[in-house]
Amino acid sequence: MYAANYAQPDVVQLLITKGANVNYHFDFFTPLMAACSASESEKEENVTKCVQLLIEAGADINVQDRLHITSLMLASREGHAKVVDILIKHGVEVNKQDGRGWTALTWAVQRGKKDVVRYLLSSGADPDIQHQDKLTVKNLAASLPTSEMLDLLEHEDTTQESKKSAVGTTLDLSIPQSKFDDLKMFLCGLNLPHLVCLFQQQLVDLSVLMTLTEQDLVQMGVDQVGARKKILDAVHAIHKKDWQQSSLVSFNYNKKLSCADVIAIMANSSRQIRYLNSSTVYIKGQLKSHPELVTQPTDQVSPLLFNRHIEDTLKNVKVLNEQLLKLQLELNKEMKHRCLEPADIVKRKGFKQRRRKQLMFIFTLCVCVAVPLYYYRNSLLTFWPFNVSYS
């Protein structure tokens, strides 16, 4: 066992020749486990030789110690990629779980062994197996300082979903695509372009996405933990981003604005207001989900300051509403003065006016004829050649 743990293949070979029991265990810990748990400082070639000798001598590759840890888990933990390869080729159970529900893949991810993770995934390791705490290896990867392991776990799933999005899903052309331009830019910036169609089909643009919670994303079909983490972190960063004067459009006040200019300015203002509304909904959701954290005062801030900013925002919104109403009133007056209506409406309006004049002329003519006839009816009857009797 010591020879195996210190990666001494010659000694291991000698002991096997002398009749050493390769399945001997101490507290269910076997020589094969000792070889697989050899330190990374030991030569990979020597560790591999020891494992090969023990397996050829009949060592049980699926045996578990008292914590239900297997040789594959130990090799994965230590990053022995060649040993993992040998064990898998000899039929080791890849998805076996230890006492905590961890698999060999979990151990490799926890220790950051990229080569082992890749090989295990290609050999059928399941990243969706739940541990005893009901979490998966993806949840573990999401809690690590970097997203490297999480990206590695979800790379294959992301590739498959991208293909489905490109082949099996079509965009709804009845919806203006400009509505989702910001959403596409946002998701592509997070390396999540395969989710654009998912959100587009459910009529979720960026302003709506900025108000969603993790549970909302799960219900919408964003199954990948890493994708949800990326989206929620990015949304949080957007809401907290400081206001900058560079966000405003720079104007040349000596320049006369055209119709296209004012439309572009107002469209941009409308979009920014929509995102401000998303921030308000986002804060309200946070206040509802954990009010004790949102309303907890510190040395620098307090809920009173929060409420003061709300009051200032309400005043600014009121002023903005008044200015927009005045602008709309002025615009409507100008449009009415200049008869700025669509061509089809103008044409229809002219047709109705001509029709109305014709009917008025016919009605006037009938009245002019009927009134004299009625007034002089008795005189006219004397010239009527037929006898008329009234009963």
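Colleague: Let me start with a detail: which residue just after α7 takes a positive phi?

Modeller: That is Gly112, which comes just after α7 and has a positive phi of about 70 degrees. Please keep in mind throughout that this is a predicted model.

Colleague: Let's step back a bit. How many helices and strands are there in the protein?

Modeller: The protein has 20 helices and 0 strands. It has 391 residues, of which 29% count as buried, and it exposes about 27000 Å², with carbon and sulfur atoms supplying 58% of that area.

Colleague: What about contacts between residues at least 6 apart in sequence, what share of them join residues at least 24 apart?

Modeller: That share is 66% among the contacts in the protein between residues at least 6 apart in sequence.

Colleague: Now for some packing. At what angle do α4 and α6 pack?

Modeller: Helix α4, residues 44–56, and helix α6, residues 81–89, pack at an angle of about 20 degrees, and their axes are 9 Å apart. Angles under 35 degrees count as roughly parallel, and α4 and α6 are therefore roughly parallel to each other. Their crossing is right-handed.

Colleague: Which residues meet there?

Modeller: From α4 there are Glu44, Val47, Thr48, Val51, Gln52 and Ile55, and these meet Ala81, Lys82, Val83, Ile86 and Leu87 in α6. Sorted by class, the contact of α4 with α6 has 7 nonpolar, 2 polar and 2 charged residues.

Colleague: Thr48 is in that list, so let's stay with it: is Thr48 buried or exposed?

Modeller: Thr48, which lies in helix α4, counts as buried because its relative accessibility is 14%, and the cut-off for buried is under 20%. Leaving aside residues up to four places away in sequence, Thr48 touches Lys82, Val83 and Ile86.

Colleague: How far apart in space are Thr48 and His80?

Modeller: From C-alpha to C-alpha, Thr48 and His80 are 8.3 Å apart in space, while in sequence they are 32 residues apart.

Colleague: Back to α4 as a whole. At what angle does α2 pack with α4?

Modeller: Helices α2 and α4 pack at about 15 degrees, with their axes 9 Å apart, and they are therefore roughly parallel to each other. The crossing of α2 and α4 is right-handed. On the α2 side the contact is made by Pro9, Val12, Gln13 and Ile16, and on the α4 side by Asn46, Lys49, Cys50, Leu53 and Leu54. By class, the contact of α2 with α4 has 6 nonpolar, 2 polar and 1 charged residues.

Colleague: Changing topic to α15 and α16, what angle do they pack at?

Modeller: Helix α15, residues 225–240, and helix α16, residues 259–289, pack at an angle of about 115 degrees, with their axes 10 Å apart. That makes α15 roughly perpendicular to α16. The crossing in which α15 passes α16 is left-handed.

Colleague: And which residues meet in that contact?

Modeller: Val235, His236 and His239 of α15 meet Ser278, Ser279 and Tyr282 of α16. By class, the contact of α15 with α16 has 2 nonpolar, 4 polar and no charged residues.

Colleague: Last topic, the loops. Where is Thr70 found?

Modeller: Thr70 is in the loop between α4 and α5, the latter helix being residues 71–78. Thr70 is buried, with a relative accessible area of 4%. Setting aside residues up to four places away in sequence, Thr70 touches Asn62, Val63, Gln64 and Lys96.

Colleague: What is the phi of His68?

Modeller: The phi of His68 is near 65 degrees, a positive value in a residue other than glycine. His68 is placed in the loop between α4 and α5, and at 40% relative accessibility His68 counts as partly exposed.

Colleague: And Phe28, where does that one lie?

Modeller: Phe28 lies in the loop between α2, residues 9–17, and α3, residues 31–36. The phi of Phe28 is near 70 degrees, again a positive value in a residue other than glycine, and at 45% relative accessibility Phe28 counts as partly exposed.

Key
Residues are numbered from 1 along each chain as its sequence is written. This is a predicted model: local features need pLDDT of at least 70, side-chain atom pairs count only at pLDDT 80 or more; totals for chains, interfaces and linings use all residues. Side-chain values use heavy atoms; hydrogens and water are left out. Axes are lines fitted to C-alpha atoms, for helices over the stretch in contact, and angles run from 0 to 180 degrees between N-to-C directions. Helices (H or I, at least four residues) and strands (E, at least two) are DSSP runs, numbered from the N terminus. Angles under 35 degrees count as roughly parallel, over 145 as roughly antiparallel, 65 to 115 as roughly perpendicular and the rest as oblique. A crossing is left-handed if the near helix is turned anticlockwise from the far one by less than a right angle, and right-handed if clockwise. Contact means heavy atoms within 4.5 Å. Ala, Val, Leu, Ile, Met, Phe, Trp, Tyr, Cys and Pro count as nonpolar, Asp, Glu, Lys and Arg as charged, and the others, Gly among them, as polar. Buried means under 20% relative accessible area, exposed over 50%, partly exposed in between (1.4 Å probe, protein chains only). Accessible areas come from the Shrake-Rupley method with a 1.4 Å probe; for residues, only the protein chains shown count as cover.
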